[in-house]
Amino acid sequence: MRFTDVSRVRSRFDVRVEARDGVELSVDVYMPADPGDYPVLVTRTPYDNNRADQKPPASTAPQVPSDRFKLLAARGYIVVAGDVRGRGDSDGEFEPFRHEATDGADTVTWARDLPECNGRLGSFGAGYAGFAALAAASAAPVDALAVWSPFAAAEGLPTRGGAVRLDWLFWMHLVGGRVRGPVDAPPWRSIFRSRPLSGMHEALGRPDAPWPDWLAHLEPRDPHWSSLTSGGGAETNAAPTLLVSGWWDGGLSATMKHWESVSASGGRHSLVIGPWDSARTRRPVSIMGGVEWGPGSVVDPDELLLEWFDHHLRDDPSPRAPAPVRVFVTGRNAWEDLDRWSAADDVETLWLTSAGRANTRIGDGKLTPHAPTREAADHFVHDPDNPVPWQPGHGSFSRTGSAAFTLETSFATGRDDTLTYTSATVDVPTLVRGTPVVHLFAETDRDDADWVVSLEDVFPGETRTVHLAHGVVRAGSVPAFRSGVPVGYRIPMTQVAHEFQPGHALRLVVTSSLFPLYAVNLGSADYLGATEAERGSHSVSHGPRLPSRIELPLHREETHDQAS
Amino acid sequence: MPAPQGSTTEIRALWNCRIPMRDGIELAADITVPAGDGPFPAVVTRTPYNRKPGIWMQRLVAAGYAYVMIDMRGRGDSDGDFQPFVHDGDDGYDTIEWVAEQTWCTGRVGMVGLSYEGLTQWWTARTRPPHLRCIAPMAIGVADLGPRPSFDTGVPHLYWSWWFHQVTGRTQQHYGAPSWGPNIRHLPLRTLHEQVGTGGRWWPMYVDGEIDYLGKDFVFGDDDWANLDLPVLVTVGWWDDQSTMATWVRLAQSPAGARSQLLIGAWDHGGNRSPSPVLGGLDVSRSVMDTVGHVERFLARHLKDEDEHADVHPCRVFRTGTMRWEDLDEWPSTAVESTHWYLTSGGDARTLNGNGELTPTPGETAFDTYVFDPEEPARDFTNLDLFAWSDPPHDQRYLLRRPDVLVYRGPTLEEPVDASGRAELDVFVSLDAPDADVSVMLLDVHPDGRMMLVGSELGSCGLQRVSMRSGPGSAPVDPGEIVGLRIPLVWLHHTFLPGHRIALAVTAGAFPAFARNLGTGEPWADAVDSRVVSVTVHHGPKHPSRLVLPIENNKGAE
């Protein structure tokens, strides 16, 4: 911990920057105490550049944006912190993603002309602001980028595996005007259960939200998404880029996708993935999801950002170049430096099997290293009025940012509509690092269904289970889908770097809902418009003919090195 | 009465709903109504601080009201231009009448809110919208404070530079973001906003006198009071906006008085919505109450005709000292007599160790002198990053050790002294310079030595710029000329207990909430030079400087 005196930082609030079309954007400028020549850091947010939030408890990191900006200024940077067009104090109309490349470029150009700018610029941001930083860099190059969980606007936002992510409705409430919407005020539980799905914005009380427009483009490759933005892709961002996310961060997949393309483009980039959800990715704490990850897991995001920009923007770069890939291996609970986020040494396949009663965590479902020889299936009833909850209690998205967030899953796996398949205990530390992929043969008697798979670590004696990753596919989004017959689905999960310790077991959980992460599938061919729900009779098949299985990216040698 | 814990009641909402004003400008509203069949009585808040429904929404919707929270013109999501402290009664009128017409509304509308949100209630009430049934402004006053000079005390209020920062742009700016510390001494004051880097739209208007909270253009006039006939619930704390008490006095005499109510507790500005059990250095836990519930009962009477509490006394006032709530028919009591405590000394009342006293009769002719250096002003605990509008009952001894503070203490009391109303100070001063400020604290000296403020508002009561003693317009003094000042001090409802002592402290300013007096007599906006000033307080038969304390004369000792 070093002491930084922020009391003499010079600041200017609501400075007006004119965009190329004449619209005035508002920025706050923070400068080091004494006049001089400094590198400039630009960030642009839709979440109010000078908000005074209620502070989350147990946070070690700065608590309001100005705390961070003052810290960066005190450490030798000019910070230009803007409200994006149509938000906060900026004029114009907020059209998500549309103007960030050009407005960002105009802001960067303006910042370059600041009298105390030494000609070197960086850009940073998280979530939407991360997208905005990347988009601006595609139109006006900067010397370095530091981005937390960037929104991937060009790749389709509202779905994963064809299932609608309800957190985007939450987001539309947050940005539903110029100022931040009161996110804790709406009765989310009943809103997220309202029907039809396409009218959920009306149940929320935001009839003007772009929700129906977004839902009209569920396919990620729909040109609608790439047309939203002229920037934000990786190909044009040659500047050294720091990317940060967390294993339970809703932006993990988008971050990894961006990493794939940016690292393929060459150059000095860096990826950091910690044991965090979305809130903790931005403000890490050592206890997350009810698990103590150890004080070593905590990374001060400001020091991380400063280390990155000091290295790339200062004349006296720090001697230590950041590792290209730095991931926190859960289970082992230690950071690991890698040259690249790589394919596995080996893919180990574990096969789903049971005697037909895999329901609940005390069912007979198993994950076995050998392909089963007998055909069998497990059955459950999907009740749209009683979906499997993502979190205990009523769970809204604001709760995922709260201390109540838990990775323990036993509250759900006692339900009869959860199928669980558990491996034998491992006898050596077993590292799974990469993207697990589930091949699932599943059947519904309805006209649509969601298939949700979750990977868990089962502690010895089942004293605890820890959720590691999940994947989802909506049957109706798959061309091969037909009602009443088993259909094979390939379901990539979220990325993991987890070491199962001796005595622990792997568990795959299969359900047909994960609420409210995903909208409840009512089983109708009219996914968006249905208002009536009927129970669905669902089954998962396994055996030689319908080989449901999970492919795990294993890293044996590394594991043994660590274990020796 | 226990408060409902949170709310599991389902609500229906419409966020960022647009309400048209008569000139076509649209204001943004969050509208929340209870589940079930309406219509419901409605409660409205109009705010410059970005609408956040919060506790009012939870409590009022659960209690069966529609709750409507609105960004004022030019703020948050509302269109148009914001003008601080300019009456926006027309917007209030149009809003209330729009709400009353909605299908979910019974046509009965009330208003709630704290501070500026209280001011917007007074302004709306002044336009008398037919469907507005009652208002419940917390911690804000609109009374003309009488022959007071501009800026209330005559001393430029640096607090406003902080407040103007908050309302820079459309959003509510985080108050702690600028670097106040190294900039708050900047001179000339005309360019303070440039030095701090914020508030540029408003500070120059303040410097030019165009924005003058509690100036004559911004308060209720005689006609406004004469026309006010709807019930008002006034809520305020003792370490809070003191103009609210003056406002209650005026309200009680108006046509609305008979149906209006007063609540004063031992809290500061923020405490009006959630009183704290400890304030400054005092245990005020007996003052903790559900103030939102108190407002709810007032609203129920006037919006729902629920009259079960119709027999309540109009005034519920917390007596500090004895620390008890009192239900009163009037406040302040008219059964008081003014008692006088005369300043006297052996010629050096400086500091805690000086020989200043308060005596029932004037002492011999004498004087005390302190030297004020504007470069080294006494300053209070005000945390510049927070700059909260209050100065809780801290033990003031940390200030009273300075040689530029005069301290006068009365005898140890054998009987309780029940004070009620507003204390005042008659004081005779002379200067060796054209100008200086005089600031006065009324203190309760506890048996253990603590010297506690009995009430305050960031030093703005008991503060007077000598050159502004007769109202707006500078009237410098001649060196050595003795001038008499009558300085209003705090409002109080306080018992000085046996074993305690009454005390006064006199010094030369209330920095950093208020600007320093630079002593040169130069116009304050452009002055940069300062000089050291000797301030002499005269006392004795010829110049009877004295504390005037309203004492309840029909109250025996407890």
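Student: What should I know about the model and its numbering before I start?

Tutor: The model is predicted, and local features need pLDDT of at least 70, side-chain atom pairs count only at pLDDT 80 or more, while totals for chains, interfaces and linings use all residues. Residues are numbered from 1 along each chain as its sequence is written, and chains are lettered from A and ligands numbered from 1 in the order in which they are written.

Student: How many helices and strands does chain A have?

Tutor: Helices (H or I, at least four residues) and strands (E, at least two) are DSSP runs, numbered from the N terminus. On that basis chain A has 13 helices and 27 strands, and chain B comes to 10 helices and 24 strands.

Student: What does the radius of gyration say about chain B?

Tutor: The radius of gyration is taken over C-alpha atoms, and the globule rule is 2.2 Å times the number of residues to the power 0.38. For the 558 residues of chain B the rule gives 24 Å, and the radius of gyration is 24 Å, so chain B is as compact as a globular protein of that length. Chain A, with 564 residues, also has 24 Å, which agrees with the value near 24 Å for a compact globule. Along its principal axes, the C-alpha trace spans about 75 × 60 × 40 Å in chain A and about 75 × 55 × 40 Å in chain B.

Student: How is the packing of helix α2 against helix α3 in chain A described?

Tutor: Two packed helices are described by the angle between their axes and the distance between the axes. Axes are lines fitted to C-alpha atoms, for helices over the stretch in contact, and angles run from 0 to 180 degrees between N-to-C directions. In chain A, the axes of α2 (residues 100-112) and α3 (residues 128-139) come within 7 Å and cross at roughly 75°. That makes α2(A) roughly perpendicular to α3(A), since angles under 35 degrees count as roughly parallel, over 145 as roughly antiparallel, 65 to 115 as roughly perpendicular and the rest as oblique.

Student: Which residues of α2(A) and α3(A) meet?

Tutor: Two residues are in contact if their C-beta atoms, placed from the backbone, lie within 7 Å. Among those that meet are A:Ala101, A:Ala105 and A:Val108 in α2(A), and A:Phe131, A:Ala132 and A:Ala135 in α3(A).

Student: How many residues does each chain bring to the contact between the chains?

Tutor: Chain A and chain B each bring 30 residues. On the side of chain A that touches chain B, the largest share, five residues, comes from strand β1 (residues 10-18) of chain A.

Student: Is helix α4 of chain B enclosed or open?

Tutor: A residue is buried if 20 or more other C-beta atoms lie within 10 Å of its own, exposed if 12 or fewer, and partly exposed in between. Eight of the eight residues of α4(B) (residues 159-166) are buried, so this helix is largely enclosed by the rest of the structure. What covers these residues includes β1 of chain A, together with α5 (192-196) and α6 (203-207) of chain B.

Student: Where is B:Leu158 placed?

Tutor: B:Leu158 is in the loop between β6 (132-138) and α4 of chain B, and counts as buried because 24 C-beta neighbours are inside 10 Å. The C-alpha atoms of B:Leu158 and B:Ala513 are separated by 5.3 Å, although these residues are 355 residues apart along the chain.
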